Structure formats: structure tokens, C-alpha cells
Amino acid sequence: MDWPKGVDGLCYGGDYNPEQWPETVWDDDVALMREAGVNLVSVGIFSWARLEPREGEYDFGWLDRVLDKLHEGGIGVNLATPTASPPPWFTLAHPDALNTRPDGVLQVHGSRDTYDVHAPAYREASARIAAELAERYAEHPALAMWHVHNEYGSTSHSAHAERAFRVWLQQKYATLEALNEAWWGSFWSQRYSDWEQILAPRATQYLTNPALELDFKRFTSDALLDHFREQRDLLRQAGPEIPITTNLVFGQWVPVDPWRWAEEVDLVAFDSYPGDADETAERESALHADLSRSWADGKPWLLMEQAAAAVHSPHGAIAKGPGRMARHSMIHISRGSKGAMFFQWRSGRGGAEQWHSALVPHAGKDTRVFREVVEFGAALPGLAETVDAPVEADVAILWSPESWWATGGHASLPAKIDYFENVAQIHRVLRDRGVTVDFVSPEGELGEYSTVIAPTTYVLSRAAAENLRWFTAGGGRLVASYMTGAVDEHCQIWLGGFLGGLTDLFGIRVLEHLPQPAGELRALWNFGAAERFCELVELRGAQCVTQYATGEVIENQPAVTVNPFGEGEAWYVSCKLVDEAWDRLFEALELNGPGQRGVDVVDRGQWRFIINHTDTEARVGHVIVPAGAWAVDKRPE
Ligand code: GAL
């Protein structure tokens, strides 16, 4: 199977929504796509109401014509199943298939993603439209890939969800006794004596049970995955081997475990919308790319969506000045993406996203944005040779979706824990030092790395703890930061010193959590400072690397420790360090690479990718890259 079928080299294109435009525009679209070097477009993502205007009545004529035109133009199609947005007739006929919020409010159509994945009517309708599309288009020569659904992420707290949750729980725990035990049911009289008593997390008077919340996220991830699999299997049965994917979206609210999902798709696809206008945008793009590649774990992956210029956002838009679209695309391509795709091809005239940028802006082709699109499209065929060169990394950061979920609402925590920021901080400090990293699941394969960093890995299962022990004993260097291993897989606290029970591995015990007032720094001797969160640590064999210079309870107590264990060593950082302090620690650990702040350098076999985000010329080895430009250098073998 090639990826996507029939597309040589890197993919370039985006979401194409011809159903929003008169047919007279379509020829112009294909001509402009050719001018821009577009070779793949995602079609039909939100087109259910056009494909099935009334239940069981289909209109495929327009889609036939679109696919034929694209094929004649030499453009591949990433054909979507439209199930992320059921049509109005469906929701009126099946109000029980709309999603229910935690407060019991039934959401109505009028936006998108309004479906309850647990509702039988929705499942049937999804399978039906997917099967119709499969039957009609599986053999179409334009078909390059199947794009199931869009950005799975809707949670429903409905009666359907509850029923399915109980079944899932019975499979997981077998007995109510085991569930009550795992959920610490004696607290607040929450012991269940019948499975029917268990509810989805709903609006409650006060705090809810963190173990139930975490299980509900896992359950929702599994249920959504089941919906994906159902469609995937229908598409696969229908015809020749065509890769099948779905685009993953990123957010604490998204109940999707990407490690498990990546195993089920043929290609990992990711939508990257970094949130800030400053260099955070480049940092987040690089983080997204490294996460996607790591989830894919050797499979192909693709940046499926990004914005060509300003992202429409009620929270403020990010403009992308000259060259920035290309640099963001190159961040992903250099880190292994099989191309650069966008939302969307042509800016819409109406609808909720009418102000979202696109490859073809509202003002048309005679614009800076389109000129840059054409220029970048012309450069991509020259990179075809690099496509299969693997990204190599010697350092990995743990990525724990469960820790992100469990720290999301901080009401039950000792203090606010910003899991994502702590992961992003390690990533950005290492990126600024030029180090390319992978991410790895806490229970994943660690053996190929010399250093594994566990930032605030709050949930540490027994299996993950054993994994870290095995890694360190075998010669690995483990670096964990505060609150790692605070709770187990049931959100129950690891007694006797926290640390996932690995007190012998770290040679310490954590005795107390000490949240610090915002805005106050706690100096560490010769090591920068900590902020917001410190822990009181007792040495049990480890060496103290540095101590807190100030702070009630912690003054002169260990802040950073190291303990030899087996063939390796375990470092512990008992606080939230500021960036400069992490940088100093990584300097001591000799984690260095060829890049620098503002200049990405990624080596892949013979190829060196250099992206200069700064406004001055950058020199990397013998290569000079002008301000705001990028280069790919072929190094002597
Ligand atoms: C994505 C979504 C697209 C579009 C885009 C806007 O999350 O898949 O359909 O809404 O955001 O940025």
C-alpha cells in the first residue's frame, strides 16, 4: 500500500468543500490547485446533508463530478465520511442521538459535532452513509485515502452513554466489589450495590470522583474508537487497498487516547492550530509534530490541517506574516510529516468559519497568501527524496494522556497542575538546545533512548512504574519532575512517599507537597529557581544535586536529586523549575544538539533540515540560511 495511494512525494493541499460553491467555481479550483502544486484534497467532510438530503435518499451526482474533475486534474482525493455533522432531518427524527451535556442539556443541531456516539440511531446512520460511499467510490481512480469522520472528540453524558459505560465497567472490573475498591467507593457514601446505579459524570452538587471521571474518559475514547473501527472495516471491505485515517485533534478536553488510536489507523493524521502569535506558535507546531510522529511509531503520519494565514478564533486570530506558513509546514515536514495540508482550500463566503484563512483567500489568487502557496508548492517536489528518511532521537519525553485528563479539573488536586505546560516546557527547552526528541507512552518501549524525561506524570500505573524501573536498571537515565507517580491507574495515591512506588529507584521519599504563591520564586543553590510548586524530599540513598535556598519548610532541603540504580540513574526534580533552571540541568546532563533558539535543525539520515525563524541570517555548519527561510542540506554519506 502506498501512502496515500498514487501521491508521489509529499502531500500538499487541504479540505476542499466544493458543495459550498456553484459548479462554475470548480474548474477554476482545479486550475488553481494545479498552479499551486496541490496533489491531495480532503473532500466531503461536512457534506452529509448534501449527500443524503432525506433519510435513505442519496445525491451523489455532484460528488461524482467533483471527483472526476479532480482526477482529470491529476489531484488525489482523501474522501471523507461525513459523520461529524449529521443533517437536520436526522437530528429531528432522533433527538436521543444528540449529545447531552453534563448538566443534562440536550444539544441541538445548528453547529457541528452534535451526535451521541452511543446512540443506536446515530451508529446505524453512520454505518449506512459510510457503506454507501464505500460502495460507490472504492474503485474511483481519484481515491487516494479515506478520511473517516472529523476530529473525534464529542463526549455525551446521555442515558445511552450511561448504559454503555456500565457494560464497559463490567468488562473492566467484573464485580461491583472490585469497582467499589478501585473507585474508593466508601468515600462520601458512593458504594454501588447495583450496576444500574452508576451514572456518567453529570452536574453534581460538589466535587465528583476522580477515578470515575478518568474511567469515563477512557470509556469515551474506546467508544469513539469503536465508531471509527466500524466505518474503517466497512471501507476496507469495499475494495482495493486504500489507506484509512482520521484526523486527530489536540486538547485536554479530547477523550481520545492517541497511543491506542494510532494502532488502528493506517496513517496518523493531525490538525495543528498553535494558539499564540509569538514564538509559542513555532514551539507548539514542533511539539505537535513530534507527538504525531511518536504516536505513529514508525507508521506514516501527516499534518492534515493547519491555517494558511490567520486562524479564525473568537479568542483572537494569529496572523502569519511572509514565510511563516512555509516555515510552519517545514516544521512538520522536517519532523517526518508526509506533507503539509490545510484547512481549507478556498475561504468561505458564509457560515461560522467565514473568516478563516485558506490557500485561496477571499480576495482571490492575486494575493500575497496565494503567491506564497504557489511558491511553497513549487518547492515541495524537490524534497521527495527525503520522505522516507527516519527522524532519529536519543531522548524521549513521556506523554501521558491520562495524566493530562486527570489533572484537567484541578479541584481534587493539591494545587493547579498544568500538565501540558510542563511537557511543553521540557520540549521547548530541549528544542532551544537543538535536541530532537520523541514522545513515548509511560507503558511504551523505552529501550532505544539514553534519556527519558517524565514531566509531572501524575498518573503512573503499576505497569508504567515497572517499565521505568526496567529502563533505569538496564542503563537508562530517567529524569522525573514533581508529582510524577502521585496516583495509580485508579487515581489512588501511591502511599509511603509517592513516586509510583519507585522510592528505591529514586533513592528518596516525597514527604509533603508545598504549593507556592504565584509570582514568588524559590531560589535553588547555583541552579536558577522554582515557582508555584515544591515538595519536601527525604534522601534515602540518593545524592542531593542542589537544595532550595529559601522557602518555609524546604529551605536547605533537597530540590534536585540523583540516584544510581542498576546500570542507570534516576534524577528527580521536586519542583516546577523555571526554563533557565531546566536549561542548566540539561547542560549538566550534556543534552545538546545542532539547533538553537529560533533555528530548528533536524537531522534525518543524509538530510539536514534547517528552519530559520529569526530575523537574522543563521549559520549551521557550512550552511547559511537567510532570515525567515529554510533549507535542506544533503550531507556527505
Ligand atoms: C479544525 C476542523 C476544521 C476547521 C478548523 C478551523 O479543528 O477540523 O473543520 O473547523 O478546525 O481552524
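1. Let me start with R229, which counts as partly exposed at 22% relative accessibility; buried means under 20% relative accessible area, exposed over 50% and partly exposed in between, with a 1.4 Å probe and protein chains only. R229 forms a salt bridge with D226, the closest N and O atoms being 3.5 Å apart; the term covers a side-chain nitrogen of Lys or Arg within 4 Å of a carboxyl oxygen of Asp or Glu. D226 is also partly exposed, at 35%. Both residues lie in helix α8, 3 residues apart, or about one turn of the helix. Helices (H or I, at least four residues) and strands (E, at least two) are DSSP runs, numbered from the N terminus.

2. A word on the ground rules. This is a predicted model, in which local features need pLDDT of at least 70 and side-chain atom pairs count only at pLDDT 80 or more, while totals for chains, interfaces and linings use all residues. Residues are numbered from 1 along each chain as its sequence is written, and side-chain values use heavy atoms, with hydrogens and water left out.

3. The side chains of R128 and E52 meet at 3.7 Å, N to O. This pair links distant parts of the chain, 76 residues apart: R128 sits in helix α5 (residues 120–137), and E52 in the loop between α2 (48–51) and α3 (61–72). R128 is partly exposed at 29%, whereas E52 is buried at 0%.

4. The other one joins R433 to E587, with the closest N and O atoms 2.9 Å apart. Here, too, distant parts of the chain are linked: R433 belongs to the loop between α14 (419–432) and β11, E587 to helix α17 (residues 579–588), and 154 residues separate them. R433 counts as buried at 10% relative accessibility, and E587 as partly exposed at 46%.

5. Now the second largest pocket, with a volume of about 1100 Å³. On a 1 Å grid over the protein atoms alone, a pocket is an open set of points with protein on both sides within 12 Å along at least five of seven lines, a cavity is a set where a 1.4 Å probe fits but cannot get out, and lining residues have an atom within 4 Å of a point. Grid points are joined across faces, edges and corners, and a volume is the space filled by probe spheres set on the points. Of the 47 lining residues, W259, S294, W295, A296 and D297 are the closest to the pocket's centre. Helix α10 gives the most to this lining, with 4 residues. By class, the lining has 21 nonpolar, 8 polar and 18 charged residues; Ala, Val, Leu, Ile, Met, Phe, Trp, Tyr, Cys and Pro count as nonpolar, Asp, Glu, Lys and Arg as charged, and the others, Gly among them, as polar.

6. How many cavities of 30 Å³ or more does the structure hold? There are 8. The largest cavity has a volume of about 110 Å³. It is lined by 13 residues, of which V249, F250, V254, V256 and P258 lie nearest its centre. Its lining has 12 nonpolar, 1 polar and no charged residues, and α13 gives the most, with 3 residues.

7. Finally, the cysteines. The structure holds 0 disulfides, a disulfide being a pair of cysteine sulfur atoms within 2.5 Å. For C534, the nearest cysteine sulfur is that of C575, 5.3 Å away. C534 is buried at 0%, and C575 is buried at 1%.
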